[in-house]
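Student: Can we go through this one together? I'd like to start with the pockets and then move on to the backbone.

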Amino acid sequence: MMQRCYGYGRWDAPYWFIGPEQGKGPNESAENVRRVDAWVELGRPEVCDCAAFHRLIGERRWHEDPARLQPTWRRLILLLLTFLGESANQENLRSYQSTQWGADPGGETCVIELSGLAVKSFAVEVDRMKFREQRIETICQKIKIHRPRLVLMYGVRDKESWQKIAGQPLFASSIIRSESTLFALTRHPIAHGSSDDEWVKLGRRLREC
């Protein structure tokens, strides 16, 4: 799973979101046994349906009515809906998260990570670099094949990895175009001091580009 599981959605989706690693709910154990079992049951895919995976690990808060907004996803969806010129009120955020975020089939997002294992926080000691180069190479190949409209990468501590994916230098809040794809780098959605307003503004900037 650490080598081959990238996240949720579809490789051929037009809107990609790439983070450093998956987080965990407060009730999950430190080990990943339940997540590995769910991944195996789904057929060991590179990307899978977000809702189906979370049902298998017993995490239903994000997809069952009334869905709770997951903090990281919420701001990414806020940016996406702004980018698309759609209303980003709380009802629409919940609806998008529960039915479309990382969905396969039918979804329009690819929600993946640099690391294949989930952890409770950055403070947890795991070998985050294991398979890193291989995973970056796969991500780059998929981008070349599918040419997404937008690739948003978040978490500035991994800037070196993001620059490899974009194929050119990147700075926080920078936006570059490579052929038909927009690449953007920003800090983590739940970074200290982050606000909804800056995600709305970035969504608008991307829309203007």
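Student: How many residues line the largest pocket, and which lie nearest its centre?

Tutor: The largest pocket is lined by 27 residues, and Gln-22, Gly-23, Lys-24, Gln-70 and Thr-72 lie nearest its centre. On a 1 Å grid over the protein atoms alone, a pocket is an open set of points where a 1.4 Å probe fits, with protein on both sides within 12 Å along at least five of seven lines, and lining residues have an atom within 4 Å of a point. This is a predicted model in which local features need pLDDT of at least 70 and side-chain atom pairs count only at pLDDT 80 or more, while totals for chains, interfaces and linings use all residues. Residues are numbered from 1 along each chain as its sequence is written, and side-chain values use heavy atoms, with hydrogens and water left out.

Student: Which element gives the most to that lining?

Tutor: Helix H3 (71-83), with three residues. Helices (H or I, at least four residues) and strands (E, at least two) are DSSP runs, numbered from the N terminus.

Student: OK, the helix at 196-208. Which residues of H7 are buried?

Tutor: Trp-199, Val-200, Leu-202, Gly-203 and Leu-206 are the buried ones, where buried means under 20% relative accessible area, exposed over 50% and partly exposed in between (1.4 Å probe, protein chains only). They cover an arc of only 160° around the axis, so they sit on the same side of H7. That arc is taken from the directions from the helix axis to the C-beta atoms.

Student: What covers them?

Tutor: H3, strand E5 (150-154), strand E6 (175-178) and E7 are among the elements that cover the buried residues of H7, with contact meaning heavy atoms within 4.5 Å.

Student: Now the backbone. Where are the cis peptide bonds?

Tutor: One joins Asp-65 and Pro-66, with omega about -5°. Another runs from Asp-104 to Pro-105, with omega near 5°. Pro-66 is in the loop between helix H2 (50-56) and H3, and Pro-105 is in the loop between helix H4 (90-99) and E4.

Student: What about phi at Glu-179?

Tutor: Phi is positive there, about 55°, although Glu-179 is not a glycine. Glu-179 is in the loop between E6 and E7.

Student: Is Glu-179 buried or exposed?

Tutor: Exposed, at 65% relative accessibility.

Student: And Arg-44, what is its phi?

Tutor: Near 55°, again a positive value in a residue other than glycine. Arg-44 is partly exposed, with a relative accessible area of 45%.
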